[in-house]
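Student: Could you show me how to read a protein model, one feature at a time?

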Amino acid sequence: MTMLTRTLYQALRTPALYRKAALPRMAALYSSQGGEPVVISEKDEVRVRLEPIKRAGETLENKRARLVYQSRKRGILETDLLLSRFAAKYLSSMTPEELEEYDALLDELDWDIYYWATKNYAITPLPERFKDSKLLAKLQDFSENKNKEILRMPNLHSN
């Protein structure tokens, strides 16, 4: 059992007083954002953010393929549908800078992306780094589904 698993297990099985001591320890070991440990705890909800993998020397073709996969396999159906359809429509025409921004967006939590895309800032406030994002504005416009299409996962290959 890893230290993270052991600490999380103990935190969830013990009174709130212990959780307050255990969760910061767990965060210090296994999460970082900008080099600083991060844990958000409301009631019994815990979010742990891990530093994204740095990919040096990745070709644009490999990056697009990875972003297609990451757009399709989020884990939450609403975000899967939204991002996979967005990627199918726009990913092939994105500039390298837009690909970098989209890659950074995909490093965020699923529900955060969904709420930002649907402009539901009351639940998840929009971070400063995305306030002037043209890419997020395009995603928000796309999420309105103005043609009222029935949403299905797009084909993986356009053959």
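**Reading a helical chain**

Tutor: Gladly! Residues are numbered from 1 along each chain as its sequence is written, and side-chain values use heavy atoms, leaving out hydrogens and water.

Student: How many helices and strands does the chain have?

Tutor: Helices (H or I, at least four residues) and strands (E, at least two) are DSSP runs, numbered from the N terminus. Here there are seven helices and two strands, and along the sequence they follow the pattern α-α-β-β-α-α-α-α-α.

Student: What percentage of the 159 residues is buried?

Tutor: Buried means under 20% relative accessible area, exposed means over 50%, and partly exposed lies in between (1.4 Å probe, protein chains only). In this chain, 34% of the 159 residues are buried. For the surface itself, the areas come from the Shrake-Rupley method with a 1.4 Å probe, and for residues only the protein chains shown count as cover. The accessible surface of the chain is about 10700 Å², with 54% of that belonging to carbon and sulfur atoms.

Student: And what does a contact tell me?

Tutor: A contact means heavy atoms within 4.5 Å. Of the contacts in the chain with a separation of 6 or more, 50% are between residues 24 or more positions apart.

Student: Back to helix 3, then. What span should its 13 residues have?

Tutor: The rule is 1.5 Å times one less than the number of residues. For helix 3 (residues 60–72) this gives 18 Å, and the prediction agrees because its end C-alpha atoms are 18 Å apart. Its buried residues are Lys63, Arg66, Leu67, Ser71 and Arg72.

Student: Is Leu67 buried or exposed?

Tutor: Leu67 counts as buried because its relative accessibility is 0%. Leaving aside residues up to four places away in sequence, Leu67 touches Leu91, Leu99, Tyr102, Asp103 and Leu106. The C-alpha atoms of Leu67 and Ala87 are 7.8 Å apart, though these residues are separated by 20 positions along the chain. Compare Arg64, also in helix 3: Arg64 is partly exposed, with a relative accessible area of 22%. Beyond residues up to four places away in sequence, Arg64 touches Leu91, Ser92, Met94 and Leu99.

Student: Which residues have the most contacts inside the largest nonpolar core?

Tutor: In soluble globular proteins, nonpolar side chains tend to be buried together. A nonpolar core is a set of buried Ala, Val, Leu, Ile, Met, Phe, Trp, Tyr and Cys residues joined through side-chain atoms within 4.5 Å. The largest one here has 21 residues, and those with the most contacts inside it are Phe86, Leu91, Met94, Tyr102, Leu105 and Leu139. Helix 4 (77–90), helix 5 (96–106), helix 6 (110–117) and helix 7 (134–143) each supply at least two of its residues, with helix 4 giving the largest share, five residues. Take Tyr102: not counting residues up to four places away in sequence, Tyr102 touches Leu67, Ser71, Leu83, Phe86, Ala87, Leu91, Met94 and Leu135.

Student: What does the side chain of Ser84 reach?

Tutor: That brings in polar contacts: pairs of N or O atoms within 3.5 Å, where within protein one must be able to donate a hydrogen and the other to accept it, and residues adjacent in sequence count only if both atoms are side-chain atoms. Ser84, in helix 4, is buried with a relative accessible area of 3%. The side chain of Ser84 reaches the backbone oxygen of Asp80 at 2.6 Å.

Notes:
Predicted model: local features only at pLDDT ≥ 70, side-chain atom pairs only at ≥ 80, totals over all residues.
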